[in-house]
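This report describes how the chains of one structure meet one another. Please look at the sequence and the structure before reading on.

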Amino acid sequence: MQKGLNIYVYVLIMTGITALVLSFLYNVLDPIQAKNKEEAKKKSILAALPDGGTGLDFDKNVKVVVLDAKGKVKFEQKADTKQEESDKLFAELNKRGQGVKYAKLVDIDLSLEEKFPLDQRIYPVYMVEGKSAKSTIVVVRGNGLWDKIWGYISLDNKEGKWTVSGVNFEHKAETPGLGAEIKDSKDFKDEFKGKQIYDNGGKYVSVAVVKAPKNKNWEVKSISGATVTSVGVSEMMIRGISYYLPYLEKVSGKADGGK
Amino acid sequence: MATDTKVSVLGKNERKLITDPIDDNNPVTVQILGVCSALAVTSQVYPALIMAIGVTLVTAFSNLVTSMLRKSIPSSIRMIVQLLIVAALVQVVEMLLGAFAYSAYEMLSVFIGLIITNCIVMGRLEAYAMANKPWQSFLDGIGNGLGYGFILIIMAVIREISGKGSFMGWKVLPSWYIPNNLMVLPCASLFLIGVIIWVQRARNQKLVDVS
Amino acid sequence: MGDILNIFIKAAFIDNMILSYFLGMCSYLAVSKSVKTAIGLGIAVVFVLAITTPVNWLIDFFLMKDGAVIPGVNLVFLRLILFISTIAALVQFVEMVVEKASPALYNQLGIFLPLITVNCSILGASLFMVSREYNFGQSTAFGIGAGVGWALAIIAFAAIREKLRTAAIPAPLRGLGMAFILTGLMGMAFMGFMGINPAEYMK
């Protein structure tokens, strides 16, 4: 054991054994983890619905629409959409590089899209057909205090007016009890329900998060002690939804946003 | 660290190996090992519980493996081999959590990887497993893991109930209780662990620090 | 450039390794009885963090990316092992270089260097760097900043502990118990930096 050569052999054998064991486990467990991640995302998207998406199945009830950087429809999933059609979309998207490899519609994620310049990004829209109502869920992403925050915003088209029917926020590393309340506090999320994204004059205002809301129609109260995170949510809402405006306005049928 | 020569499955000495680290020789409050993660993951009970299980598994199995290999490990590269064993086990735990307890995996994030540098693990390998039989080492690992988990869970219970009014995510305190946000902030865990040490030493005079 | 300075300041003050993430607590508590040793360990940590974080970034970038070594094979499951061995090897290397180059510095730092391998802040910095997706320059700035923040915290802490020796503290609280409460108070003070975005002042 004292000779140098033996030590190298020993280390080599040890490393070899560990690498083998680990690679075996990785191959077995990684698909399960990837599936968990996907399920968690689907659940998070559906949680934006007013009833929390209970009883809905993402694969059955949700159709994905992909918008290009200008807000035009690039791809629309329909009941009879074939695998080849979406594969064609992925092949085109994956050509952009940056290590982004989409294989399913649910893989499309703003965290990956952020790697591209603004004019190359795409934006997913989730069309939910529930038992009673239809909802459109859009994705927004911005900065909190420590790290990224993102949210799924469920919108309803009420007589040509887009109103928020529910939200679900997520964060990477906000302070528990303060910034993390955007995800943990049901009261905060409930405040968004019924808010308009246009003011009464038809101007786009999104939903603002402010200290003292003056207008109950499109302002919600910020979280005390978490000013930076609240400002981040506000900024994320106004910028994030604006990417979807051309699409939303086309759907609502009024180019001026539905006065 | 009395090593007995008798081979018994769960004799008096073996039981002591498990119970001793829970109080008299607690790794966190007495040996000051593994404090880093004890503080960071205790704002809620569920992640703390998962972390405690993870650390117990890693300590127990790394003790076991090291003890089995103790006669063959060349002393000059002892540390590297130990690190290799620990790192591999931590990686296994990380993958298992990702596959079977995904929400805890998300909550703990980098702290799972940091089990490697949790001094309890390396400390026990050096102090116990390198000189003792596999079964005893395994029990010693479990004991230290439990001692660590014990403190973790006490802290997490206090912090979650007072800071959020809930336990394992369920509301337990009535609605008139306004959650004390200070308790979920990171610095609260430091005050709490200071108080736990105070209580333990007031009860157990032999642990008092004279310096 | 502003981006890099921003990350440096954030890592040193706002996301302080000890006071916001409690990384490297073990050696922080053990080696803070006098200011002199605290300065020694502090410098050693800055040194090691400044080297290991960028090196681990290179390893992560060139070896761990999907199909980087063998096409179609993803080696992420070796990340922890490679990171910790790089750290162990680099600490050993730094120790040897310092011993040869400057025996005086070695006498000051020598005893602390082996301790650093198992200092969670070193591995923690590498893991944070991966999860925050920094690039090479940002990783270097982050490593140095995290080290400076760590050194700052331990030196301040040691200075307070030296003063505390003459204070009347209840016997069971003396030493360790008081050390924790003190760190908690320092953490609260550092929370004052929370929410400051250095980028806004650099415009």
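How many salt bridges are counted between chain A and chain B? The count is 0, where a salt bridge is a side-chain nitrogen of Lys or Arg within 4 Å of a carboxyl oxygen of Asp or Glu.

## Basis of the report

This is a predicted model, in which local features need pLDDT of at least 70 and side-chain atom pairs count only at pLDDT 80 or more, while totals for chains, interfaces and linings use all residues. Residues are numbered from 1 along each chain as its sequence is written, chains are lettered from A and ligands numbered from 1 in the order in which they are written, and side-chain values use heavy atoms, with hydrogens and water left out.

## Where chain A meets chain B

In this interface, 21 residues of chain A are in contact with 24 residues of chain B; contact means heavy atoms within 4.5 Å. The two chains bury about 2000 Å² between them, and 76% of this lies on carbon and sulfur atoms. Buried area is the accessible area (1.4 Å probe) that two parts lose on being put together, summed over both. On the side of chain A, the residues that lose the most area to chain B are A:Tyr10, A:Leu29 and A:Gln33, together 27% of what that side buries.

Between chain A and chain B there are 4 residue pairs in polar contact, both residues being at pLDDT 80 or more. A polar contact is a pair of N or O atoms within 3.5 Å; within protein, one must be able to donate a hydrogen and the other to accept it, and residues adjacent in sequence count only if both atoms are side-chain atoms. Helix H1 (residues 4-46) of chain A gives the most to the side of chain A that touches chain B, with 15 residues. Helices (H or I, at least four residues) and strands (E, at least two) are DSSP runs, numbered from the N terminus.

## Where chain B meets chain C

Here the contact takes 40 residues from chain B and 39 residues from chain C. About 3400 Å² is buried between these chains, 84% of it on carbon and sulfur atoms. B:Cys36, B:Thr117 and B:Leu190 supply 17% of the area that chain B buries against chain C, more than any other three residues.

Across this interface the rules find 0 salt bridges and 0 residue pairs in polar contact, with both at pLDDT 80 or more. Several elements of chain B give two or more residues to the side that touches chain C, among them helix H4 (78-100) and helix H7 (119-127). The largest share of that side, 11 residues, comes from H9(B).

## Salt bridges in the structure

Over all chains, the structure holds 15 salt bridges. In one of them, the side chains of A:Glu92 and A:Lys74 meet at 3.1 Å, N to O. A:Glu92 lies in helix H3 (residues 83-94) of chain A and A:Lys74 in strand S2 (residues 73-76) of chain A, so this pair ties together parts that are 18 residues apart in sequence.
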